[in-house]
Amino acid sequence: MLDKLTFYVGVYLLLLHSKIKVSLSSTMMLTTEESAGLQPYFDFDVQRNITVTVGQTGFLHCRVERLGDKDVAWIRKRDLHILTTGSSTYTSDQRFQVIRPENSINWTLQIKYPQVRDSGVYECQINSEPKMSLSYELNVIELRARILGPSDIFVKSGSEIIMTCVIQQGPHDLSTVFWYKGNTLIQSTTQDNSIYTTENQRITVETDWSDGLTSRLKIRRAVQSDTGNYTCVPTMAISSSVYAHVISGEHPAAMQHNAAIRPVLSLTSILLLYVTLLVHIVVSKQFKIWHNHDPR
């Protein structure tokens, strides 16, 4: 009787152990799944290759869902420098700052007055276990304006001067072009594509964003007082200048031709002088040799 009781107790304990083991396994699995489900994650639907021009504020947008009690940090990859953690900035470079509205999932790194040296990879990191990170590429480009044609323009009085300034890359929609004569800004009016003018719109500006950024300064019926240095100054690019010469009397093309051949004539004269001197030396030596061998 006792053996039978012992047998039944043993079977009961064995079943109870198995039940507890299965229950614990299920609980652990559920806890792991719940834990994984509560982990923070990045929103990948953001632009991660950003191009700005020198001086144009750059923004790197990082969105983190279910952050919980974790923190977000921004790291500069080239030197592993921690720029920000949470809402705090950890760099003496005050151009860097994190922007995060209250209770927002957005952690935006702002870079003011960026320079070419700021180009590179930046990482948005979450201090989870294991660490999570998302890389961003920042490209800072230096744009240069270019006025087409020679740096000196020669125009006959009464003719039209057209100066064309172009920028062929970059975010042109954020740029505006100003034209200066010397240090004086050519003032704008309320009309589109026109600037301060007298004498029935004698001076106008036309700006086009269709193929790069193109700005044309037109001066009709040029007079001698239009002579001077003209500069195209974009807000997002290095400026470019030309000098306009308004000539009365002599045809400007002839002046350009004469200006171009002056250095050539000067060089030709030097070469001619050198050859003459060389011939003189050779002839003198030959004459001496002939004189020394003269039988008389």
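Select V121 first: its bridge partner in β10 is E137. This is a predicted model, in which local features need pLDDT of at least 70, side-chain atom pairs count only at pLDDT 80 or more, and totals for chains, interfaces and linings use all residues. Residues are numbered from 1 along each chain as its sequence is written, and side-chain values use heavy atoms, without hydrogens or water.

Now show β9 (residues 120–126) and β10 (residues 132–141): they run antiparallel, joined by seven bridges. Strands are DSSP runs (E, at least two residues), numbered from the N terminus; two of them pair if DSSP finds at least two bridges between them.

Widen to the open sheet. Its six strands run β2-β10-β9-β4-β5-β6, with mixed pairing. β2 (49–53) and β6 (88–89) are the edges; each has a single partner strand, so one side of each lacks a neighbour in the sheet.

Next, select D118 and R95. They form a salt bridge, closest N and O atoms 2.7 Å apart (a Lys or Arg side-chain nitrogen within 4 Å of an Asp or Glu carboxyl oxygen). D118 is in the loop between β8 (106–111) and β9, R95 in the loop between β6 and β7 (96–99). D118 is buried at 1% relative accessible area (buried: under 20%; exposed: over 50%; partly exposed: in between; 1.4 Å probe, protein chains only). R95 is also buried, at 13%.

Move to R63 and D43. Their salt bridge has its closest N and O atoms 3.2 Å apart. R63 sits in strand β3 (residues 58–65), D43 in the loop between β1 (41–42) and β2. R63 is partly exposed, at 27%.

Conventions:
Helices (H or I, at least four residues) and strands (E, at least two) are DSSP runs, numbered from the N terminus.
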